[in-house]
Amino acid sequence: MKQPPFLRRKLINFGRIFRTGTINFFRNAWLSVAATAVMVITLTIILFSVIANATFANTVQQITDRIDISVYLKDSVNEEQREDLISQLQNFENVRSIEYITKEQALEDYKDQNAKNIDLLVAISQTDNPLPASLRVKPEDPNRIEEIRQFLEQPDIKDLQSDETSYSGDRKEAVDNITQATSFLRTAGIAGVLIFTVISMLIIFNTIQMAIFNRREELTIMRLLGANSWYIRGPFIVETVLYGIVAAIISIAACSTLFSVQAAAFGVSSLNLLDLQFANAYFEQRFWPILLIQMVIGISIGAISAYIATRRYLKFKTIK
Amino acid sequence: MILLDRVTKTYGRKGGTALDRISLHVEPKEFVIVVGASGAGKSTLLKLLTREEKPSSGKIIVGGIDYERLKDKEIPLLRRKIGVVFQDFKLLQNKTVYENVSFALEIVGMGSREINHTVPKVLDIVGLKGKEKRMPRELSGGERQRVAIARAVTRQPRILIADEPTGNLDPAHAWDVIKVLEKINRFGTTVLLTTHNQDIVNRLKRRVITIDDGKIVSDRAGGEYKA
């Protein structure tokens, strides 16, 4: 029996494995549809979780960006004292930026904020500028402003301040509540992604195992004819990889449609914590990387499931 | 070609002895018939030869391959050298006659041109010319078994093992299958046939090995079936 050289034989084998897998994909149409559908659902859930997570993170970011600490300075504080205070504050790891707002700037801001309140504007223009200069301190992590607060409460520092330190203009508890809620949402998002991924992997694994169980006779015959493991396993892996690719495309297409329909129909930019516009932009900007990642996930889930599911039927039955 | 030296096969702790210190020597190009009642140990013997099972003790050498030194990975290579025909045909139901035979060649990585050249010739030998595109379910039992034989011999093995190939066939079809086996033997392949069929054994007039209760009770050339 003549055999082609080694490399050519490998190529021929690879071609045949690929062809058989593709043929099986179409011949077992119903199974393909079922397995692909499960995969589509998995990938879509993962995609939605990721987008929702990013959107929540974005909302959290927006809220935390608004959290700042205003340190009101007495009019008697000179430039040197002010610069000294700023540099001391900058030594804190948790301080992202410090903005100095002069008395004049504070007055301008106040006027802008109360542009509709004529009486107030008249009253304020008739006196000396009553507003203090201030330092607006933006923390890196709003959860850890305690040490900054302690520093500002020190008597010699306190002496420089005209008013009580304001935490975002609100009470500190309110700030704390927001940050706690948002960090909870973030954790919940990550946990959700993980749980859904595991569940859908189990479902897909089961589907593929069933498919292989239906064809175990075929596997046994191939084995008896002297086919090696990869020649038997290969087509199954090709088949499940195809599920993954098709599922990724369907999932992305469905999400695209959903987003464009949503954008056209609602014209709403946000639903409380869910900033839809952001979600839309997030998806559109990352369309190709998302498609690629979806495919990689789909292909991996399929290939790993097929590999494990075939392993059982590929063991040599050698009873001692 | 086939050498068994005091081969014993027991199943489990209390499963009993299927084969008891069997020694056997088959020359190249021989046509050997193994007879015996159900449960005598015929199937076990064949399963040991195809390495579906391992012996409990004893030595097996087939075509120069010592089974003791055979690794699991090398089993596919061994099976490619031995053609096997099963009582229940074991055809791939979703493949045509042609594909069932060509599949055996694809496994070993043979080129497509070579396959297209070989398969029709083999199908002609077993008398299935013109039925290449049939599915196994559209064939009679005898035809199915001839597809299985074509599949087994297409790789030109030096040994063909036929495990009750006529067990599911009526006498006319059974004889067709046997004639194909004789033809293949004439081409130089060692044939090992197990059967229940007294008529076939007596008409073939070949070497007959009788197994009873796991032991070889007779081994004679031109032998007859003794119930």
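Analyst: A residue is called buried if 20 or more other C-beta atoms lie within 10 Å of its own, exposed if 12 or fewer do, and partly exposed in between, with C-beta atoms placed from the backbone. The model is predicted, so that local features need pLDDT of at least 70 and side-chain atom pairs count only at pLDDT 80 or more, while totals for chains, interfaces and linings use all residues. Residues are numbered from 1 along each chain as its sequence is written, and chains are lettered from A and ligands numbered from 1 in the order in which they are written.

User: Why does R21(B) count as partly exposed?

Analyst: R21(B) has 15 C-beta neighbours inside 10 Å. That value lies between the limits of 12 and 20, so R21(B) is partly exposed. R21(B) belongs to strand 2 (residues 17-26) of chain B; strands are DSSP runs of E of at least two residues, and helices are runs of H or I of at least four, both numbered from the N terminus.

User: What is said of the phi of R21(B) and of K205(B)?

Analyst: Most residues other than glycine have a negative phi. R21(B), which is not a glycine, has a positive phi of about 45°, and phi of K205(B) is near 50°, also positive in a residue other than glycine. K205(B) sits in the loop between helix 7 (198-204) and strand 9 of chain B.

User: What makes V35(B) buried or exposed?

Analyst: V35(B) has 25 C-beta neighbours inside 10 Å, and therefore counts as buried. This residue is placed in strand 3 of chain B. Among the residues it touches, leaving out those up to four places away in sequence, are T195(B), V201(B) and Y225(B); a contact requires C-beta atoms within 7 Å.

User: How do you know that strand 3 and strand 9 of chain B pair?

Analyst: Two strands pair if DSSP finds at least two bridges between them. Strand 3 (residues 31-35) and strand 9 (residues 207-212) of chain B share four bridges, in the parallel sense. One of the bridge partners in strand 9 of chain B is R207(B), which faces V32(B).

User: Why do strand 6 and strand 10 of chain B stand at the edges of the sheet?

Analyst: The open sheet has six strands in the order 6-7-8-3-9-10 (chain B), with mixed pairing. Strand 6 (82-85) and strand 10 (215-220) of chain B each have a single partner strand, so one side of each lacks a neighbour in the sheet.

User: How do you know that helix 12 of chain A is close to its expected reach?

Analyst: The expected span is 1.5 Å times one less than the number of residues. Helix 12 (residues 287-314) of chain A has 28 residues and reaches 40 Å from its first C-alpha to its last, close to the 40 Å expected. Its buried residues include I290(A), G298(A) and Y313(A).

User: What makes a group of residues a nonpolar core, and how many residues has the largest?

Analyst: A nonpolar core is a set of buried Ala, Val, Leu, Ile, Met, Phe, Trp, Tyr and Cys residues joined through C-beta atoms within 7 Å. The largest such core has 101 residues, and M39(A), V101(B) and A150(B) are among those with the most contacts inside it. Helix 10 (residues 229-266) of chain A gives the largest share of this core, 11 residues. A second, separate core has eight residues, including V71(A) and L152(A).

User: How many residues of chain B are in contact with chain A?

Analyst: The contact involves 24 residues of chain B and 22 residues of chain A. On the chain B side, helix 2 of chain B supplies the largest share, five residues.

Methods: Contact = placed C-beta atoms within 7 Å.
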